[in-house]
Amino acid sequence: MTTVFHLYDTRVAEGRLKPDDAQLAVLPEFERLRADLAQPVKRGFFRRTVEAPKGLYLWGGVGRGKSMLMDLFVETLEVPARRVHFHAFMQEVQAEIHRLRKQGVEDPIKPVAKGVSDAIRVLAFDEMQITDIADAMIVGRLFEQLFEAGTTVVTTSNRVPDDLYKDGLNRQLFLPFIALLKDRMVVRELASERDHRQDRLAGAQVYFTPADAAARKQIDALWEELTHGLEEPLTLHVQGRQVDLPRYHNGVARASFFDLCGRMLGPADYLKLAESVRVLIIENVPRLSRHNFNEARRFVTLIDALYEARVKLITSAAAQPEMLYVEGTGSFEFERTASRLREMQAADWSA
């Protein structure tokens, strides 16, 4: 048996973590949950459902270590658990609801919740953020069913519960869900003043040229440092379209130039992307010219969105920013993009 305290101290001793008073202040909540879940399950004849320990809603600014602490907690568990990005989970739920409705099931939320609760005792969500009306209408009843079935929920968020789905359509229908969260979960703020992701990138090279094997090796090292080897795909829904990020963890996304600029994406897609990540790795940016004008135009729009949102950018490219687009329509306008790419390499960018 490993406690959350012991695992945290081990990571600090290994140099993988830096001790943080704000993180240490919330560790007891994770250890409370671990200890409660480690107790033998008692099932009586008249009591078929295990009462779930009160979950945890951990909120705070980006890069403070919320997801890292949740990962440590999940690593110490000896009961079935699933750690998943909130948006990815809700996409799965919506797809399963759609499938069951096609089969004639009138209330598909019940069997969906039962499928989850039968498989696991702990559901660990990363980055709860309700922005979609479909999610807002589903999530209340889904969580109610999960809680009743004895599932413990742990989640991280950048928002305090009262700010979830803020200014959303028909938000008054969503308010009972906020009350349910407060009743069934302990709400704690991770109030650290340090952005640990920025600490890890401080002084690091973030623009690599040429985009060769050596660049990939250095980016692989940064990716490992930022994600600890954990990743999953993330799909963003924008005006009925999907923007797929093949690799994502804890606010850090990694994609190729073709993934983001080789498809017919536009400003709304890039704005959504910039809102959803704090660090973006773009690999294999080619030389730009009239031969790939559409891709170049999308790249300009993407960099503008990332710049305005102060997203940290890591890039591998065929040339230095000023030499990426030297001839053809749009090359003059690209000078601003090249300047922004230079500015975004600064050590204090997005601090």
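Predicted model: local features only at pLDDT ≥ 70, side-chain atom pairs only at ≥ 80, totals over all residues.
## The six-stranded sheet

Let's start with the sheet. It is open, has six strands in the order β6-β11-β10-β9-β8-β7, and its pairing is mixed.

Which strands sit at the edges? They are β6 (207–208) and β7 (232–238), and each of them pairs on one side only. Strand β6 runs parallel to β11 (residues 312–317), and two bridges join them. You can find phenylalanine 208 and look across to β11, where serine 316 is its bridge partner.

Now look at strand β9 (residues 252–256), which contains valine 252. Is valine 252 buried or exposed? Its relative accessible area is 0%, so valine 252 counts as buried. Leucine 226 is 26 residues away from valine 252 along the chain, yet their C-alpha atoms are separated by 7.3 Å.

## Helix α11 on the sheet

Helix α11 (residues 267–276) packs on the sheet, where it touches β7, β8 (241–249) and β10 (279–285). The direction of α11 makes about 130 degrees with that of β7.

Which residues of α11 are buried? They are Asp269, Tyr270, Lys272, Leu273, Ala274 and Ser276. These buried residues pack against β7, β8 and β10, and also against the helices α10 (257–261) and α12 (293–308).

Isoleucine 133 counts as partly exposed because its relative accessibility is 33%, a value between the 20% limit for buried and the 50% limit for exposed.

## Backbone spots to look for

The peptide bond from threonine 209 to proline 210 is cis, with omega near 0 degrees. You will find proline 210 in the loop between β6 and α9 (213–227).

Two asparagines also deserve a look. Asparagine 170 has a phi near 55 degrees, a positive value in a residue other than glycine. Asparagine 170 lies in the loop between β4 (152–157) and α7 (175–184), and is partly exposed at 36% relative accessible area. Asparagine 284 has a positive phi too, near 65 degrees. Asparagine 284 is part of strand β10, and with a relative accessible area of 44% it is partly exposed.

Key: Residues numbered from 1 in each chain as written. Heavy atoms only, no water. Buried < 20%, exposed > 50% of the residue type's maximum accessible area, 1.4 Å probe, protein only. Helix = DSSP H or I, 4+ residues; strand = E, 2+ residues; numbered from the N terminus. Pairing = 2+ DSSP bridges. Contact = heavy atoms within 4.5 Å. Axes fitted to C-alpha atoms, helices over the stretch in contact; angles between N-to-C directions.
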